[in-house]
Amino acid sequence: MARPVWSGTISFGLVAIPIKLFHAVRKQNVSFNQLDERNMARIRYRKVNGLTGDEVSDEHIVKGYEVSKDSYVVVDPAELEPFMPVATKSIDLEEFVELDEIDPVYFDTAYHVAPDTNPKPYVLLARAMEVSGKVAIGRFVMRNKQYTAAIRAEEGRLIMSTLAYADEVLDPSTIDELQELDDVDVSKKEVAMAESLVDSLSATFEPEKYRDEYREQVLDLIQIKASGQAFEAPEAVVEQPKVVVLMAALEAS
């Protein structure tokens, strides 16, 4: 049973809609613990002084920001307290925009937005947004961190994605290799051939077709070893990278 990770209200104008947030994506990873092979005990880590190697207790550990190599500014938690965002338990909507105005690079963590208590205001907002095709932009605080978020309507329900801030998104103009693209000349025939190749591979996106094959194989390995069976590792297949001239591939297709 899914558990909510946050509860509060969606607020705009004089309207407040009680909601709950649920994770829309659950990452599936295989994690391992480090063990001492002699007795299979877990490996533990200590906090030690980088100069002396001595263990340091929590009472002597402070927060420091590195301003230059090996030079730090120490900041007391009490000094940060006035800057901590106030947890208002409200997602304050500020504007409604077109979805295609948001570059996908800004989208971060996704959440299902579910109604809390009376679902009618939720349904009204979801239907109104779905008809308008607009996306709501708002701000909220979760776990003492402020987020900007985009809420969109889909099939009568709301989905929210936290957004990266503008200064967190890398400007492509800082990548030299991307600037060289403007100097590349291509003919109309070459573009037409590339378009035909794209058309030949066009399909409806089916996420079920794509699986984490490495994770599945590792879990199979663990299950076999846990059952006491002998595991014979398959011979690794090393594929040489194929260097293909695009124009030759297009002509062949």
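The model is predicted, so local features need pLDDT of at least 70 and side-chain atom pairs count only at pLDDT 80 or more, while totals for chains, interfaces and linings use all residues. Residues are numbered from 1 along each chain as its sequence is written, and side-chain values use heavy atoms, with hydrogens and water left out.

**The whole protein**

Along the principal axes, the C-alpha atoms fill a box of roughly 70 × 65 × 50 Å. Of the 253 residues, 17% count as buried, where buried means under 20% relative accessible area, exposed means over 50%, and partly exposed lies in between (1.4 Å probe, protein chains only).

**The nonpolar cores**

Next, select Ile10, Ile19, Ile91, Phe140, Ile151, Leu158 and Met160, which touch the most other members of the largest nonpolar core, a set of 22 residues. Such a core is a set of buried Ala, Val, Leu, Ile, Met, Phe, Trp, Tyr and Cys residues joined through side-chain atoms within 4.5 Å. Among the elements that each supply at least two residues of this core are strand E1 (6-12), strand E2 (15-23) and helix H2 (120-132).

Now centre the view on Phe140, whose contacts (heavy atoms within 4.5 Å) include Trp6, Leu21, Ile91, Tyr147 and Met160, not counting residues up to four places away in sequence. A second, separate core of 6 residues includes Val97, Ile102, Val135 and Ala150.

**Two single residues**

Is Thr148 buried or exposed? Thr148, which is found in strand E10, counts as buried at 16% relative accessibility. Leaving out residues up to four places away in sequence, Thr148 touches Ile137, Gly138, Arg139, Ser161, Thr162, Leu163 and Tyr165.

Finally, select Asp54 in the loop between strand E4 (41-42) and strand E5 (63-68). Asp54 is partly exposed, with a relative accessible area of 48%, and it touches Lys47, Val48 and Asn49, again not counting residues up to four places away in sequence.

Conventions. Helix = DSSP H or I, 4+ residues; strand = E, 2+ residues; numbered from the N terminus.
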